[in-house]
Amino acid sequence: MRPRPPAMRTKRRYILVRVLPYGARPDQKQAYFSVIEAATSLWGDAAVGFAQPAVVFCDAGYIVVRCRRGTEKDIATALTTVTAIADAPIALRTVAVSGTIHALKRRIKPIRPLPEAEETTLGEHHFTVYRYPRQKVDLVEKGIKHQKIVFFSEADLEER
Amino acid sequence: MKITDASVHPYPTGDSTLARMALEATDLGFDSIVAIGEVGRQPPGAEVLRGIVINAASQKEAIKRLREPSVRRADVVFVNAGDIAFNRAVVGLKEVNVIRNIHTARRNAFDHVAARSAAGRGVAVDISLAPIIRLRGTRRQRALERYADVLSLQRRYGFPLTISSDAHSILEQRSAREVRGLCALFGMTGAEVSEALASIGRLMEPEQPVKVV
């Protein structure tokens, strides 16, 4: 099948979204389900059907959401109401909107924990300490499933 | 003009410490935050104001709570909205700065009489983004309906509005740009959002006639 000529194609916009917490690496399919659920719940089936949102990239703590041109503001608003992906609490922060994925990929700056990971206890729970730039510290509970995450700063950790 | 998130709930109520929330608020474009509960030393990042929430069943109980030393130390005093008589009475109290949880009150619990009184005394009404973000279906629709009603009263009588994320975690904090998108859902314009985000600053330092020293 021959592709449509460029003038006949639907114009798209791509939204780059950062995923919080920093260590979260959501599955692309699960991310798509969460985005669609949030958008449908907020704008309804008709509007979401017209906007055609889809998750086209999901890596390095970032997600790229594709939508029809002109609906990017509505989809960005819907993205702020996403609170979980596959039962894991997350937040999606809109970074940029562009007409090409290539332009958005230049804006991706992966945030990785500083190398020295250590352990600490909070009450009766054991946590792994992940340090991030700008004095941010995430404490991830040790376990296999549904680990609790507590968000500290460097000063809070020193004061304990 | 200081852009302020009118209430956050840091650790131990939430899962993020005050210092981390202040850092996150700075990243999200806020100049200050109001922390509900105890505030120790000022953390780096956004300025932290101390807020206290009074949850009272009657006007008498609210007045009693307002006399407590912890309430007197607070920068911003919030009172949870109740029925129509309670709300009318509470906006008349001098120590009260903000009425919150208006979305949980009954329809018309905050009416034109309370609105006129709030405008006269400079008492603000808080718009919490938490129900818009967290709730789904009819409960969110009801919250949006209440906020649209409050907005129509605000446009008529001119009382201040504040906007809060009511965040218990950094994952629930939202940027100033995202706040504009969420507030547009119930018809708030960008200029109104900017004014509401700056309301806490104006409540802290109200406009007064110039004094000759």
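Two strands count as paired if DSSP finds at least two bridges between them. With that in hand, let's work through some exercises on this predicted model.

**Exercise 1. Find the residue that A:Phe127 stands opposite in β9(A).**

Step 1: Start with the two strands. β8 of chain A covers residues 125-132 and β9 of chain A covers residues 136-141. They are joined by six bridges in the antiparallel sense, which meets the cut-off of at least two bridges.

Step 2: Now look across from A:Phe127. Its opposite number in β9(A) is A:Glu141.

**Exercise 2. Describe the open sheet of chain B: its strand order and its edges.**

Step 1: Read off the order. Seven strands of chain B follow one another as β1-β2-β3-β4-β5-β6-β7, with parallel pairing.

Step 2: Find the edges. β1 (4-8) and β7 (161-164) of chain B each pair on one side only.

Step 3: Zoom in on one pair. β2 (residues 32-36) and β3 (residues 47-54) of chain B share five bridges in the parallel sense; B:Ile36 has B:Gly51 in β3(B) as its bridge partner.

Step 4: α1 of chain B (residues 18-27) lies across β1, β2 and β3 of that chain and runs at about 150° to β2(B). Helix α9 of chain B (residues 190-197) lies across β1 and β7, at about 85° to β7(B).

**Exercise 3. Work out how α8(B) and α9(B) pack.**

Step 1: Take the geometry. α8 of chain B (residues 176-183) packs against α9(B) at an angle of about 125°, and the axes are 10 Å apart.

Step 2: Classify the angle. This angle makes α8(B) oblique to α9(B). Their crossing is right-handed.

Step 3: List the contact. α8(B) contributes B:Ala176, B:Val179, B:Arg180 and B:Cys183, while α9(B) contributes B:Gly190, B:Val193 and B:Leu197.

Step 4: Sort these residues. Five are nonpolar, one is polar and one is charged.

Definitions and conventions
Residues are numbered from 1 along each chain as its sequence is written. Chains are lettered from A and ligands numbered from 1 in the order in which they are written. This is a predicted model: local features need pLDDT of at least 70, side-chain atom pairs count only at pLDDT 80 or more; totals for chains, interfaces and linings use all residues. Helices (H or I, at least four residues) and strands (E, at least two) are DSSP runs, numbered from the N terminus. Two residues are in contact if their C-beta atoms, placed from the backbone, lie within 7 Å. Axes are lines fitted to C-alpha atoms, for helices over the stretch in contact, and angles run from 0 to 180 degrees between N-to-C directions. Angles under 35 degrees count as roughly parallel, over 145 as roughly antiparallel, 65 to 115 as roughly perpendicular and the rest as oblique. A crossing is left-handed if the near helix is turned anticlockwise from the far one by less than a right angle, and right-handed if clockwise. Ala, Val, Leu, Ile, Met, Phe, Trp, Tyr, Cys and Pro count as nonpolar, Asp, Glu, Lys and Arg as charged, and the others, Gly among them, as polar.
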